[in-house]
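Good morning, and thank you for coming.

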Amino acid sequence: MAGVRLANYLAIHPAITEAEVLQAQQTWAEGLVAIGKLAGDAVAAKAAAETLVRRLYNYGEGKVLFKPTKASDDQFRETFEQAISYFVGGDHHEDHGFALHPWAAVRFENNSVFLDVDSAGAMGNYYFTDAKTGAETKVEFTFAYRRAGDGRLVIFLHHSSLPYEAGH
């Protein structure tokens, strides 16, 4: 009976594939670079960030657990508005528009990707390449995905942190 229920579920909601996870990561990376290119136009940058967050995050359909890299006082961003503030600046005193930095590229290096019937996750490092200096910043990440009502893959968990440095 459980097998029949699973088959019925999968007929309506196809299982998430690794290719979809990789595509979501690529879309996220390209979106961050695009927002950074709009840094001189606050209205356009905010609109681009809103489009990216609406497209890739579960805000509006359910809970999102989001812990941004550079958030220490207000560590977690549970609402759409709080996420936008982090990406382009706004409501929190520590938000200076992470996505407004001129990144040349963002690349994901997955340590592992897991696929389940109705969710997926990835953990690893992403590397942000500064457009001015070419320097790379390594950031650790964990993302978890689910399928939204319209079939899109959306992020419901996003945790980023700088790597631990001994002696600090």
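How many nonpolar, polar and charged residues are there in the lining of the largest cavity? There are eight nonpolar, three polar and no charged residues, where Ala, Val, Leu, Ile, Met, Phe, Trp, Tyr, Cys and Pro count as nonpolar, Asp, Glu, Lys and Arg as charged, and the others, Gly among them, as polar.

Before going further, a word on the source. The model is predicted, so local features need pLDDT of at least 70 and side-chain atom pairs count only at pLDDT 80 or more, while totals for chains, interfaces and linings use all residues. Residues are numbered from 1 along each chain as its sequence is written, and side-chain values use heavy atoms, with hydrogens and water left out.

Let us return to the cavity. On a 1 Å grid over the protein atoms alone, a cavity is a set of points where a 1.4 Å probe fits but cannot get out; a pocket is an open set with protein on both sides within 12 Å along at least five of seven lines; and lining residues have an atom within 4 Å of a point. Grid points are joined across faces, edges and corners, and a volume is the space filled by probe spheres set on the points. The structure holds one cavity of 30 Å³ or more, and the volume of the largest is about 60 Å³. Among its lining residues are Trp28, Phe87, Tyr126, Phe128 and His158. At least two lining residues come from each of helix H4 (80-88), strand S3 (119-130) and strand S5 (153-161); helices (H or I, at least four residues) and strands (E, at least two) are DSSP runs, numbered from the N terminus.

Next, the nonpolar core: a set of buried Ala, Val, Leu, Ile, Met, Phe, Trp, Tyr and Cys residues joined through side-chain atoms within 4.5 Å. Buried means under 20% relative accessible area, exposed over 50%, and partly exposed in between, with a 1.4 Å probe and protein chains only. The largest core has 38 residues, of which Trp28, Tyr57, Phe87, Tyr126 and Phe128 touch the most other members. Helix H2 gives the most to this core, seven residues. Gly31 is also found in helix H2, and Gly31 is buried at a relative accessible area of 12%.

Now to the aromatic rings. Rings of Phe, Tyr and Trp (its six-membered ring) pair if their centres lie within 6.5 Å; planes under 30 degrees apart count as stacked, over 60 as edge-to-face and the rest as tilted. The count comes to 20 aromatic pairs. One of them joins Tyr59 and Phe80 edge-to-face, at 6.4 Å centre to centre and 80° between the planes. Tyr59 lies in the loop between helix H3 (42-56) and strand S1 (65-67) and Phe80 in helix H4, so this pair ties together parts 21 residues apart in sequence. Both Tyr59 and Phe80 are buried. Ring pairs also link a cluster that includes Trp28, Trp103, Tyr126 and Phe128.

Finally, the largest pocket. Its volume is about 210 Å³. Of its 14 lining residues, Lys46, Ile84, Val88, Gly89 and Gly90 are the closest to the centre. Helix H4 supplies the largest share of this lining, five residues. By class, the pocket lining divides into seven nonpolar, three polar and four charged residues.
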